Amino acid sequence: NVATGASPPSAKSTKAPEMAWWTPEQLRQFLDFTAAEPLGPLFRLAAMTGMRRGEVCGLRWANVDLDRGRLEVREQLLAFQGKATFSERTKTDHGRRRIDLDPGTVAVLKSQRVRQGQDRWAMKAGYQDNGLVFAQPDGTPLDPESVSKVFDRRVARSKLSRIRFHDLRHSHVAHLIAAGEQPLLIARRIGHASSSFTMDRYGHLFETADSQAASAVAAMVDGAVVTKL
């Protein structure tokens, strides 16, 4: 048996990385800290939509409607053998989705489009227009792995608690739960296959939010008692 001499992976190596997230205040500090940097708009979009790294890096302007404040996830940019490769297949079938944007993120994307226009003018014939929302100054695709490395360095410089780029996605989900959003809406927004998967993954946060919701409703009812004859 050719597998006899193989060393099986340890339980630790096969265990999924532990989830971590920032509070809204921590996230605001980081976004302010990186706002003026080239990848600042990318970090903002990932944090405010829960999009995966490949989805953000592969986003094209053709799938962004700034007038309506929404975008569509149709493809992703993957890092494969040291090269960036586009794929029209998202991680799951539900990964192809529409995401509404907040006004602040729409404003950031409008500024990003202006900045790209300046890059295009500066590079002239040397600019490669791939229609990407986030790209190198010459229009070529970003390296997703390099994006994560830049993120790690900025987190270290910010003095905030260390999280991975993917934890921006977890942070967004945690904030949605804290805001009282329903599991089905959250699952659709972040591209989960089902709301039950979202519940399984973030169940402990839903339990906390449910307790807070009960207290909030009681406060509204008990605090808004009006005697009218």
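Is the crossing of helix 3 and helix 5 left-handed or right-handed? Before selecting anything, note that this is a predicted model, in which local features need pLDDT of at least 70 and side-chain atom pairs count only at pLDDT 80 or more, while totals for chains, interfaces and linings use all residues. Residues are numbered from 1 along each chain as its sequence is written, and side-chain values use heavy atoms, with hydrogens and water left out.

Begin by selecting residues 40-49, which form helix 3, together with residues 103-123, which form helix 5; helices here are DSSP runs of H or I with at least four residues, numbered from the N terminus. The two helices pack at an angle of about 150°, and their axes are 10 Å apart, where axes are lines fitted to C-alpha atoms over the stretch in contact and angles run from 0 to 180 degrees between N-to-C directions. Helix 3 and helix 5 are therefore roughly antiparallel to each other, a term that applies to angles over 145 degrees. Their crossing is left-handed, in the sense that the near helix is turned anticlockwise from the far one by less than a right angle.

Next, show the side chains where these helices meet: Pro41, Arg44, Leu45 and Met48 of helix 3 face Gly104, Thr105, Val108, Leu109, Gln112 and Arg115 of helix 5, with contact meaning heavy atoms within 4.5 Å. By class, this contact has five nonpolar, three polar and two charged residues.

Follow the chain from helix 5 into the loop between helix 5 and helix 6, and select Lys124 there. Most residues other than glycine have a negative phi, yet phi of Lys124 is near 50°, a positive value. Lys124 is exposed, with a relative accessible area of 55%; exposed means over 50% and buried under 20%, using a 1.4 Å probe and protein chains only.

Now move to Ser158, which lies in helix 6 (residues 144-158). Ser158 is buried, with a relative accessible area of 18%. Leaving aside neighbours within four places in sequence, Ser158 is in contact with Phe30 and Phe33. Ser158 and Phe30 are 128 residues apart in sequence, but their C-alpha atoms are 6.8 Å apart in space. A polar atom of the Ser158 side chain also lies 2.7 Å from the backbone oxygen of Val155.

Finally, select Lys159, in the loop between helix 6 and helix 7 (167-178). Lys159 has a positive phi of about 70° although it is not a glycine, and Lys159 is exposed, with a relative accessible area of 73%.

Key: Polar contact = N/O pair within 3.5 Å; in protein donor to acceptor, adjacent residues only side chain to side chain. Parallel < 35°, antiparallel > 145°, perpendicular 65-115°, else oblique. Nonpolar A, V, L, I, M, F, W, Y, C, P; charged D, E, K, R; others polar.
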